[in-house]
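This report describes selected side-chain pairings, backbone features and helix packing. Please examine the sequence and the structure shown here before reading on.

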Amino acid sequence: MKSKLLKMYDYKQTKLPEEAYIEAESIREEEKKEMSHMLAKYKKTIRPDVIEKGDIAIIDIEGGLPKYNRKKLGINVGKNLYSGEIEEALVGKAAGAEFDAEADGVKVRIFVKDVTRRVLPELTEEIVAGIMEETEDEHPEISTVSQFLDWIHKKTVKRLGDDIWVRYTDDLMTEIIDKSEWSYDDEEIEREFEAYLADMRKDLAHERPGMTLETMPADDYRMFDESVSNFSEFEVWLRKMIKQEIQLHLIYCGLKGIEDTSTGFEDMEGDAWGTLVDYVSDAIEIKERV
C-alpha cells in the first residue's frame, strides 16, 4: 500500500480511568426491558381501574373537527399518535367516564368505553423453562426463577459494561486518527473510488434498469449514511470512507507492531477496532454502583 502511517500517536499516554461504574437505575431499566421482551408472549390483558400511560383506551369522541368525531377509537395512551392533549386528559380516568377536554383549541366530549392493559405475568419455573427452550443465547443450566433473574442481571451488566468500553474505544480511536501523521496516495484512493463506483453502476444496471447513480432517489443514498442524499454528497462520503479504511488498516499494523505488506484494498482485513477495544477492556474495570 502506498498510503502510509508516518507516525502513530502513542495512545497509551491517553489517561483512561481504572474503573467505570454502571448506575443501579440504568441496570434496573435495562433489566425491565429485557424481561418485557422475553416475557412478551406470556403477557396477560387486564382491565385496570384507571388509565395510565401505555394503556389502550377505547373511546367515543365528539368535537368541532372531523378528526374529533369518532366512534370506538382505540388510543395507545401516552404515545402521542392521536392527540397529546387528549391522551394526557385520559390519564387517571376510568372506563365509563364521560368528560370534556380541549384539543387544538376546540372543546371535545369524551366517553371512555373500555380500558385494557398488557401486564407481565408472575414469573414461574414453567415460564422460565419455556424461555430457556426458545432462547438462542448461551446460558448455563437454568431452571429456577432465582437462577433466571441472576442470569438476566449478569447479561444486563455485561451489555452495559461493553457499551462503556465501546464508548472509550471510539474516543481513543478518534484521538489516534487525529493525532497521528499520515501520507495519503491520491492515486490509490481514486483507483479504489473508481472501482467501487464501477461495481455499484453494474449492480444498479442489473437490479434497477434505467436508473443511474446520478438519478438515484435520496432515500436510497441515505442507506449509506443519513447525511447523504445525492450523488455529489455520496462521492465525498465514499472518499472519506476509503481514507478511513486505509487508516484502520495501518493503525492495526501499528497496534500489532507488524509491517504493512498489503498490495491492495482486498488484503485489508486488520481488526484495528477489535484490537483497541481489547486494550480498553483490560485497562478499565467495570463495576456496579450500589
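## Terms and basis

A residue is called buried at under 20% relative accessible area, exposed at over 50% and partly exposed in between, with a 1.4 Å probe and protein chains only. The structure is a predicted model, in which local features need pLDDT of at least 70 and side-chain atom pairs count only at pLDDT 80 or more, while totals for chains, interfaces and linings use all residues. Residues are numbered from 1 along each chain as its sequence is written, and side-chain values use heavy atoms, with hydrogens and water left out.

Val-277 is buried, with a relative accessibility of 14%. This residue belongs to helix α8, residues 272-283; helices (H or I, at least four residues) and strands (E, at least two) are DSSP runs numbered from the N terminus.

When residues up to four places away in sequence are not counted, Val-277 touches Trp-165 and Thr-169; contact here means heavy atoms within 4.5 Å. Between the C-alpha atoms of Val-277 and Lys-41 the separation is 36 Å, and the two residues stand 236 residues apart along the chain.

## Salt bridges

Side chains of opposite charge can pair when their charged atoms come close. The whole structure contains 24 salt bridges, each defined as a side-chain nitrogen of Lys or Arg within 4 Å of a carboxyl oxygen of Asp or Glu. One network of salt bridges links Glu-30, Lys-33, Glu-34, Lys-155 and Arg-159. Within this group, Lys-33 pairs with Glu-30, their closest N and O atoms being 3.4 Å apart. Both residues lie in helix α1 (residues 24-38), and because they are three residues apart they are separated by about one helical turn. Lys-33 is exposed at 52% relative accessible area, whereas Glu-30 is buried at 19%.

Glu-30 also forms a salt bridge with Arg-159, with 3.7 Å between the closest N and O atoms. Arg-159 lies in helix α4 (residues 145-179) and Glu-30 in helix α1, so this pair ties together parts that are 129 residues apart in sequence. Arg-159 is partly exposed, with a relative accessible area of 29%. A further salt bridge joins Glu-134 to Lys-41, the closest N and O atoms being 3.0 Å apart. Glu-134 is in helix α3 (residues 125-134) and Lys-41 in the loop between α1 and β3 (44-46), so the pair ties together parts that are 93 residues apart in sequence. Both Glu-134 and Lys-41 are exposed.

## Positive phi values

Most residues other than glycine have a negative phi. Lys-72, in contrast, has a positive phi near 50°. This lysine is placed in strand β5 (residues 70-76) and is exposed, at 67% relative accessible area.

Asp-104 likewise has a positive phi, near 55°. Asp-104 is located in the loop between β6 (98-103) and β7 (106-119) and is partly exposed, at 48% relative accessibility.

## Packing of α3 against α4

Helices α3 and α4 pack at about 45°, and their axes are 9 Å apart. Axes are lines fitted to C-alpha atoms, for helices over the stretch in contact, and angles run from 0 to 180 degrees between N-to-C directions. The two helices α3 and α4 are therefore oblique to each other, a class left after roughly parallel (under 35 degrees), roughly antiparallel (over 145) and roughly perpendicular (65 to 115).

On the α3 side, Glu-125, Val-128, Ile-131 and Met-132 meet Val-145, Phe-148 and Trp-151 of α4.
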